[in-house]
Every structure is written in C-alpha cells, then in structure tokens.
Amino acid sequence: MSQATQTPAGQAPVPPGPQAGPPDLLYGPDETDLRDAVRSLLADRAAWRDVLARTETGQTYDTGLWQTLAAEVGCAGLLIPEDQGGAGASYREAAVVAEELGRAAAAVPFLGSAVVATTALLAAGDSELLGELASGAVTAALAIPFATSAAGPDAAAAPTVRLGGPAGGGAAGSYLLTGTITGIADALTADVLIVPADGVPYGLYAVRVSDPGVTLTPVTSLDMTRQLGDLTLDGAVARQVATGDTARGAVAAALTAGAGLLASEQLGMAERCLEMTVAYVKERRQFARPVGSFQAIKHRLADWWVAVVQARAAARYAATCLAAADPDTAVAVAVAKATCSDTALKAAQETIQLLGGIGFTWEHPAHLYLKRAKADSIGFGTADAHRASLAALAGLPPAGG
C-alpha cells in the first residue's frame, strides 16, 4: 500500500514537491483489492436485512463485524505506520473503505476510530494507543459533537470540559476532567475517548470509558446505524496527550480528515442508491412497459449519474490531498463535503420517490440511506458551512457583504 505522509507533532504539513501532472484519482491495484475484500465481507455480514434488524435492537452497532474489519482485514490500522503495528497506508485506502461502508450503511465505528481519533493521535505525536488501535483491541473516539465543523467557528470554540488539576496519587501526566459533551459519533462502542479540555494550557486527554466518573448515554438518533452518545465526566482520571498549539492542530487535523472521509462514505451511499433504483425501474412495469423506459425517468437517472460522477471526483481529490498533505487540502475537503452531502441526500430522496410505494416501507432499505444521508449532511459541517469556508479560502466576500 502507498505510504501515508506523516507530520511531526506540532508542525504544519510539509507541502509536496512540484507535481509532474494532475493528481491520479483512479483506484490503484491495492485499493481495488482492499475494496473487493471489504465488499465481500459486508455482503456476507452486513446485508441490508441484517443492518435493518440490528437497528431494532438495543445494540445498534455491529461490534462483531467491526472486530473482523479491524483485526482480519486491517481497516483499523490503515493510517497507522507499520512500525507501530499498522498498515502504513494512506487516506486514499481509508476512503475506499469508507465508500464501501457507506454502500452497505454498515453500523461500525470506522470513521470515528480508524479515521478521526487515529488522525488526532498521529497529529499529536502520541503513540501509546496506536498499537492497540491498529490491532483492533481498542476502539477510540474523539469527544466532539458530530456536527462540529472544521470549516467554521465551531472548530475554534472553547471545549465544554474543564481541567481540574493533576490526579491525586495518579501517574505523572494524569489529570481530572469534569464536564459534558453532547452528540458524539461512535462513542458508544469506544474503549478510549480523546477529550479536548479547557485549561492552562488547552489540551487533549485520553479517558478510559470503564474508569470511574465516566458516563456515556445513548441518544435517540435519526441515523440508527450511527447512534450518537452524550458524555459526562465527573472528576474522571485522564492521561495528557498533547497541549497548546499541538492539541489544537490535532483536533483541526481530525476534523478535516473526518469531513474528507465522510464525503467518501456519502459517495458510496449515493452510488448504491442509484444502483438500487436503476435495477428497480428496469423491472417495474406500467402500461406494459418498464417504467425506466419513460423519458422523464431516463432524464432524472442521467442527471443523477452525472452528479455521482462529479461527487466521486471531488471525494477522490480530497482523499488524495489528505494522503499527500497537499496545500490544497482545505479547499479539496470543503468542495468534497459540500458536493457529496448534496449528492447523497438527493440520491436517497430520489430512490424513495422513484421506487414508489415500496420506497416508503420499513421493509425496504431506502429509509436507512435517507436517514444516514441526512445525518451525514450535518456531520463535520453542513454543505453551506463548507461552501462558506470555500468562499473564504478563495478570498470571496461573504454573501450580502
């Protein structure tokens, strides 16, 4: 697999040398092999009937599937260097996994643990947890609201957890944390939470979920395949991961990676919705003809296909920029998240409309994709937030200015 560009703790990414030509957005052999392995596993273990049945239980996450993806396929350690037990791959390979998980609407914490939390730890230069994360023995989550955007003022907002001072009798670097964080994605399956805390100085802290003073409460979420959780800390013991600018940079890097890889997940959803709908309109007959033969349906499907192709280009470019620590990363992620949010939501809506009555039933997976598409359109920043960020990056005046 291609090697990820690693950035030393506390330092800005080093821009790559001049490009000989445009970036290669095609899928390489390693990426194709990885896609085949993940898709095969999901077809066997995460068919839509299995996903739907799990949403009606108290345990909406498929922890067994995640352990297989993490330990046997190696998805948990894609971004982690080989010398720390990972695959030494890049965000391009991680994006391929995100696409497949989006296609299946799989209820696993890949985005929260293998992408967001892992990116935060790598950017912070903290290696203590990386080996456990790579092996799948531990799952982590960055304790920030899922709706937090790297593209707006939310990213710079003061955290709601306070640093209470060193833990009495604890190990060096241990502190007490108190506060509440709401709406955290992939926290309910996490063994460790990476918590931003306000103090002198601002810092990132690792908290074991099983320790005293840590309470996670499930939230009734629109997307039943990625349930949110509220975190309450009451004098919980935490290990210091990073402080100051290094900690802020780690959170910003994690949010950017989360938005970029969530775009790939949205791409996978949009593509799967299109496939399901095309298959249906070829078989559904009305007036002795397949409904897909009607011109109005053809035009809608053609426009939809073009939108998916455009979304793929945007998502692949964002993943490529993330992998290379390219100076264009902020622009690429803003374009990808805005484009893929709109495309995935429109795709899910079109699926329900073009499937007619069956699309509105609980027994069809269309509603799973609609709910996930809507939730993902808010996750790590809305399309409008990323368009506003893109305008600022391009030096355009604000709307109405």
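Which residue with a positive phi follows α9? Gly356 follows α9, and its phi is near 70°. The model described here is a predicted one. Its chain contains eleven helices and nine strands, and 52% of its 401 residues are buried. Of the contacts between residues at least 6 apart in sequence, 75% join residues at least 24 apart.

**Helix α10 and its surroundings**

- Helix α10 runs over residues 366-378 and has 13 residues. From its first C-alpha to its last it reaches 19 Å, close to the 18 Å expected at 1.5 Å a residue.
- This helix is mostly covered, with ten of its 13 residues buried.
- The buried residues of α10 are Ala366, His367, Leu368, Tyr369, Lys371, Arg372, Ala373, Ala375, Asp376 and Ser377.
- The elements that cover them include α2 (48-55), α4 (91-104), α7 (244-283), α9 (329-354) and α11 (383-393).
- Just after α10 comes Phe380, with a positive phi of about 55°. Phe380 lies in the loop between α10 and α11, and it counts as buried at 5% relative accessibility.

**Helix α9 and its packing with α7**

- Helix α9 has 26 residues, which should span 38 Å at 1.5 Å a residue. The end C-alpha atoms of α9 are 36 Å apart, in agreement with that expectation.
- The axes of α7 and α9 come within 8 Å and cross at roughly 25°. Because of this angle, α7 is roughly parallel to α9.
- The crossing in which α7 passes α9 is left-handed.
- The contact of α7 with α9 has 16 nonpolar residues, eight polar residues and one charged residue.

**Packing of α5 with α7**

- Helix α5 (residues 110-124) packs with α7 at an angle of about 150°, and the two axes are 8 Å apart. The angle therefore makes α5 roughly antiparallel to α7.
- The crossing of α5 and α7 is right-handed.
- On the α5 side, the contact is made by Leu111, Val115, Val116, Thr119, Ala120, Ala123 and Ala124. On the α7 side, it is made by Thr246, Ala250, Ala253, Ala254, Ala257, Gly258, Leu261 and Leu262.
- By class, the residues of the contact of α5 with α7 are twelve nonpolar, three polar and no charged.

**Packing of α1 with α3**

- Helix α1 (residues 29-45) and α3 pack at an angle of about 155°, with 11 Å between their axes. An angle over 145 degrees counts as roughly antiparallel, and α1 and α3 are therefore roughly antiparallel to each other.
- The crossing of α1 and α3 is right-handed.
- Leu34, Val38, Leu41, Leu42 and Arg45 of α1 meet Gly64, Leu65, Thr68, Leu69 and Val73 of α3.
- The contact of α1 with α3 has seven nonpolar residues, two polar residues and one charged residue.

- Thr63 is found in helix α3, which covers residues 63-73.
- With a relative accessible area of 40%, Thr63 is partly exposed.
- Thr63 and Thr189 are 126 residues apart in sequence, and their C-alpha atoms are 7.6 Å apart in space.

**Backbone features in loops**

- Asp186 has a positive phi of about 65° although it is not a glycine. Asp186 lies in the loop between β3 (174-185) and β4.
- Is Asp186 buried or exposed? At 1% relative accessibility, Asp186 counts as buried, because buried means under 20% relative accessible area.
- A cis peptide bond joins Val200 and Pro201, with omega about 0°. Pro201 is found in the loop between β4 (192-197) and β5 (203-208).
- Phe380, also a residue other than glycine, has a positive phi near 55°.

Technical notes: Residues are numbered from 1 along each chain as its sequence is written. This is a predicted model: local features need pLDDT of at least 70, side-chain atom pairs count only at pLDDT 80 or more; totals for chains, interfaces and linings use all residues. Side-chain values use heavy atoms; hydrogens and water are left out. Helices (H or I, at least four residues) and strands (E, at least two) are DSSP runs, numbered from the N terminus. The expected span of a helix is 1.5 Å times one less than its number of residues. Buried means under 20% relative accessible area, exposed over 50%, partly exposed in between (1.4 Å probe, protein chains only). Contact means heavy atoms within 4.5 Å. Axes are lines fitted to C-alpha atoms, for helices over the stretch in contact, and angles run from 0 to 180 degrees between N-to-C directions. Angles under 35 degrees count as roughly parallel, over 145 as roughly antiparallel, 65 to 115 as roughly perpendicular and the rest as oblique. A crossing is left-handed if the near helix is turned anticlockwise from the far one by less than a right angle, and right-handed if clockwise. Ala, Val, Leu, Ile, Met, Phe, Trp, Tyr, Cys and Pro count as nonpolar, Asp, Glu, Lys and Arg as charged, and the others, Gly among them, as polar.
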